[in-house]
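Me: I'm new to this one, could you walk me through the backbone of the structure below?

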Amino acid sequence: MRLFDTHAHYDSGAFNADRLEVLASMPGQGVELILNPGCDLDSSKTAVELAERFPFVYAAVGVHPSDCEGFSQDTVDGLRALAAHPKVRAVGEIGLDYYWKDNPPHDFQKEVFHTQLELAEELGLPVIVHDREAHRDCLEAVKAHPNVTGVYHCYSGSLEDAKVLVRLGWMLSFTGVVTYKNARKSLEVIDWLPMDRVMIETDSPYLTPEPFRGKRNDSGRVYRVAETIAQVKGISPEEAAEITLENGKRFFGIKEEVL
């Protein structure tokens, strides 16, 4: 299988003990490309540094809704400067998260989200959206910026919202959650979703797929997502991996010659 893990947080402290070793092992496991999104300025810088170190790693820069307290014009300027790096291919991870009660207020999250969508439009970059328990407000924000397209990572919305996003030109990405017993809604979306709109990811070190739940996740397990999608679509795992690899390369503007 030739795989593209389109969303993995190797900037996470969970990889402090063996980050470089884990990343170096990925080509030997069939993982040809990895995209590391930032969650704040510091992690965005780390994502860029890892992209500089490994030819198969790319970066996105952004501020996650759970980390947006203190977001200011200086933050925007910092993201803009980082985004000038040639291996930065998106603004992300951005969006809304209403799940955690101690997250910044909803109105402030929305303000930060809109500001980063505006930055993406200014830079001509796609976005990587985090939407947790905020489906209506996320969709309204996306619709308010028709010149910006992107991907909903770890898609958890309804089939109806998926149809709207596809009409707007967006991609949907899926994690190891699709291997869980309670994944019925996600599988329903995958069954309907055109394959040219599907991407796969691990969200490492989180959301470890079955049968590895309880262990730290890494890109070497993204094949389980490809296998599950293949089962739903009635195609081979290799075909699912190849299609999602090409989808990710197209989405992030990665040409064969830069691999």
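Me: Okay, so which strand is glutamate 93 found in?
Reply: Keeping in mind that this is a predicted model, glutamate 93 is found in strand 4, which covers residues 88–97.

Me: And what kind of peptide bond joins glycine 92 and glutamate 93?
Reply: Glycine 92 and glutamate 93 are joined by a cis peptide bond, and the omega angle there is about 20°.

Me: What about glutamate 210 and proline 211, what joins them?
Reply: A cis peptide bond links glutamate 210 to proline 211 as well, with omega at about 5°. Proline 211 is found in the loop that runs between strand 8 (198–200) and helix 8 (223–233).

Me: Switching to phi now, what is the value for aspartate 203, and where is that residue found?
Reply: Aspartate 203 has a positive phi of about 55°, although it is not a glycine, and its place is in the loop between strand 8 and helix 8.

Me: Is aspartate 203 buried or exposed?
Reply: Aspartate 203 has a relative accessible area of 9%, and because buried means under 20%, this residue counts as buried.

Me: Then glutamate 133, what's its phi?
Reply: For glutamate 133 phi is positive, at about 55°, even though the residue is not a glycine. Glutamate 133 sits in the loop between strand 5 (127–132) and helix 5 (135–143).

Me: And is glutamate 133 buried or exposed?
Reply: Glutamate 133 is exposed, since its relative accessible area is 53% and the cut-off for exposed is over 50%.

How values were computed
Residues numbered from 1 in each chain as written. Predicted model: local features only at pLDDT ≥ 70, side-chain atom pairs only at ≥ 80, totals over all residues. Heavy atoms only, no water. Helix = DSSP H or I, 4+ residues; strand = E, 2+ residues; numbered from the N terminus. Buried < 20%, exposed > 50% of the residue type's maximum accessible area, 1.4 Å probe, protein only.
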